[in-house]
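The following exercises treat one chain step by step. Please examine the sequence and the structure before reading each solution.

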Amino acid sequence: MSLFALIGGKTNKEILNNKIERYIVSLANKDKPIVLHCPYASIKDMNKSNEKFMNLMKGIECEIINLTLDNLN
């Protein structure tokens, strides 16, 4: 199992067409790797953060799991 972490704030979708995200997902060497999104920087508005991340990752072949307070059990 490979583990990778993306830590940051601003997105590069418009400028670089998600070059960094596409590269990191490709390192998993899987057809559809799983990406865990942890929206802790904006705990007050997790839904908005999750939506932004989903938009950022659109077109990148992966499964996204959003870690929220509801699914911690």
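**Exercise 1. Classify Cys38 as buried, partly exposed or exposed.**

Solution. Cys38 has a relative accessibility of 37%. Buried means under 20% relative accessible area, exposed over 50%, and partly exposed in between, with a 1.4 Å probe and protein chains only. Cys38 therefore counts as partly exposed.

The model is predicted: local features need pLDDT of at least 70, side-chain atom pairs count only at pLDDT 80 or more, and totals for chains, interfaces and linings use all residues. Residues are numbered from 1 along each chain as its sequence is written, and side-chain values use heavy atoms, with hydrogens and water left out.

**Exercise 2. Describe the order of the helices and strands, and how β1 is joined to β2.**

Solution. The chain has three helices and two strands. Along the sequence they follow the pattern α-α-β-α-β. Strand β2 covers residues 63–66 and runs parallel to β1, with four bridges joining them; two strands pair if DSSP finds at least two bridges between them. Within this arrangement, His37 stands opposite Asn66 in β2. The covered face of β1 holds Val35 and His37, whereas Ile34 and Leu36 form the uncovered one.

**Exercise 3. Which side chain forms a polar contact with that of His37, and are the two residues buried or exposed?**

Solution. Begin with His37, which lies in strand β1. Its relative accessibility is 9%, so His37 counts as buried. Next, take Asn50, in helix α3. Because its relative accessibility is 8%, Asn50 also counts as buried.

The side chains of Asn50 and His37 are joined by a polar contact of 3.0 Å. Such a contact is a pair of N or O atoms within 3.5 Å; within protein, one must be able to donate a hydrogen and the other to accept it, and residues adjacent in sequence count only if both atoms are side-chain atoms.

Finally, consider contacts, meaning heavy atoms within 4.5 Å. Leaving aside residues up to four places away in sequence, Asn50 touches His37, Pro39, Asn66 and Thr68. With its neighbours within four places likewise left aside, His37 has contacts that include Ser49, Phe53 and Ile64.

**Exercise 4. Which residues form the largest nonpolar core?**

Solution. A nonpolar core is a set of buried Ala, Val, Leu, Ile, Met, Phe, Trp, Tyr and Cys residues joined through side-chain atoms within 4.5 Å. The largest one has seven residues: Val25, Val35, Phe53, Leu56, Met57, Ile60 and Cys62. Helix α3 gives the most to this core, with three residues. Cys62 is buried because its relative accessible area is 11%.
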